[in-house]
Amino acid sequence: MIWIAQTEKDTATDTLEKRLWSAANQLWAGAGLKQSDYSEPILGLIFLRFAEVRFMGRRAELEKTSASSRRGSKVDDPASYIEQNVLYLPAGARFAELLQLPEGTDIGKAVNEAMKAIERDNPHMAGVLPKGFQVFDSLLLSNLLKTLSTIPADLEGDAFGKIYEYFLGTFAMSEGQKGGEFFTPTSIVRFLVEVLEPFHGRILDPACGSGGMFVQSARFVKEHKRNPGAELSIHGQERVDGNVRLARMNLAVHGLEGDIKHGNTYYEDLHSTVGKFDFVCANPPFNVSQVDKERLSAEVGTGRRYPFGLPRTDNANYLWIQDFYSALNDQGRAGFVMANSASDARASEQDIRQKLIEDRAVDVMVAVGPNMFYTVALPCTLWFFNRSKAREGSADTPVRSENKGGAAAKNQEAGKSAHVPLNRADTVLFIDARHIYRQIDRAHRDWTDAQISFMANIVRLYRGESPDFTLGGDEAQAKLEELFHSSHLAPRDEPQTDLSRSERATVRYRDIPGLCRAATLTEIEAQGWSLNPGRYVGVAPGEAVSDEDFKTQLGTWNEELETLNAQARDLEQTIASNVAEILTA
């Protein structure tokens, strides 16, 4: 299926985010600093501006309460702020005060002291805020503060969070591969979250970067009229210390708290993850080599992190995949980004994949086209696990309880009752989304809200859930009804005229060549336990394989060839070592 959304004319070259970036970038250009030295302090100042807006809002509430209370004022009590997920800003550490510092003041020192004071009065932020501001001269810092002061204090909704994310993403594009380690494009994350539906529970990202998976999960909960702070328990782990600080600032910018730990997930399971989580959402590094598997040997076996064994190849993809699987409880769902080569990997990796499929854990596989990431042009695959799929699969299984509220309930009231079309325990849903995108610029693509909603609702139909158009709205609903209207399931000779309103609104899952197919385990076994959507979905009638399809396939083959070459080199070394031992015996 081809759906290329119209590129929105950016008459918004003067939108708030871009104006702020342009102004900050001009200042950076004259600073003589590397971008990596500049990004964290800038994000720290945006954070401080946002923190002051939330602080002043809470302060106004406390002043109003104190005026009618006999218990005394809590206006200067840090606990009265922290209990509402608002940072307490002591005198001297407020953005407006820094902005008004007189000429000749060492502003770098003043900002550093402000950050230390905030950490002192908000212990959960200890060691998080940047303090390297003295590398900037005072004039530059003064101009940066003035630039960021133009952010209106009365922005509605999550506008401050979006500004923070915009700077995170733009820094990621500027910093290349290093930046890509801490930021996953928002449209990819939103799709993962829409499929996972994290309404309530414990959520884990063991490669959390800047914490985008948590932010989007909270946004999903908020859009469904619930309180993310009350519904989600956030747990993350990140190898790079600077990214841990970015993640914790990102959570604070969005009024969230989480347990974000610094450690190498390969060797340190700091959250004791096995069987503990309702949701896992992640974008791990691909094709990592030289992981010391001897250090992981105690983690192999039933009820441990690697229940299906360690892959023999020098590639960590199937370590990550098992990490995500084993962290889920018996109701848990996982959604993660993975290299295309993992879907078809052979030898020991195929054995592990077969066990995952036979366990009925693999729920949905989505092929994603190239240029969706800032730093990697190659396509990728999105994997989704559901540890309860075997029990949810029978036709008399009720709809997942979390999805009965909010928009889903309204859809059911309108006549869109849930429908389970097949026994999902013995099938895997494959979606080919390589030709669904919006072209942002020559080198980058994303998905619109309507495209994200459309694809997520294909999954909901497959699961027997009611569609949810909280994201995507009328455009997503129209596209879904166009392709999945129940009239498509009727015999060809049965007339489909004069449909009632409720009949027009009825949508049910069906296989659509070139878009989606629910393949049985027997079919998957016949394909060598491949989880490559292209093997099952096929090509829509009238469509031909394009040059881009060929380039995508060639990139996948090349990635697989590199993996096979690495395996060959390992075998060559093993054989040479064995021969040497025999000859010297």
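Predicted model: local features only at pLDDT ≥ 70, side-chain atom pairs only at ≥ 80, totals over all residues.
A cavity is a set of points on a 1 Å grid over the protein atoms alone where a 1.4 Å probe fits but cannot get out.

The largest cavity holds about 120 Å³ of space, a volume being the space filled by probe spheres set on the points, with grid points joined across faces, edges and corners. Its lining (residues with an atom within 4 Å of a point) comprises 13 residues, with Arg54, Asn85, Val86, Leu87 and Ala252 nearest the centre. Helix H2 (residues 35–67) contributes most to this lining, with four residues; helices are DSSP runs (H or I, at least four residues) numbered from the N terminus.

The second largest cavity has a volume of about 80 Å³. Among the residues lining the second largest cavity are Gln237, Glu268, Asp269, His271 and Arg305. Its lining has four nonpolar, four polar and four charged residues.

## Packing of H1 against H6

The axes of helix H1 (residues 16–29) and helix H6 (residues 138–148) come within 10 Å and cross at roughly 175°. H1 is therefore roughly antiparallel to H6 (angles over 145 degrees). Axes are lines fitted to C-alpha atoms over the stretch in contact, and angles run from 0 to 180 degrees between N-to-C directions.

Leu20, Ala23, Ala24 and Leu27 in H1 meet Leu140, Asn143, Leu144, Thr147 and Leu148 in H6, contact meaning heavy atoms within 4.5 Å.

## Basis of the values

Residues are numbered from 1 along each chain as its sequence is written, and side-chain values use heavy atoms, without hydrogens and water. Local features need pLDDT of at least 70 and side-chain atom pairs count only at pLDDT 80 or more, whereas totals for chains, interfaces and linings use all residues.

Note on methods. 1 Å grid on protein atoms, 1.4 Å probe; cavity = no way out; pocket = protein on both sides within 12 Å on 5 of 7 lines; lining within 4 Å. Helix = DSSP H or I, 4+ residues; strand = E, 2+ residues; numbered from the N terminus. Nonpolar A, V, L, I, M, F, W, Y, C, P; charged D, E, K, R; others polar. Parallel < 35°, antiparallel > 145°, perpendicular 65-115°, else oblique.
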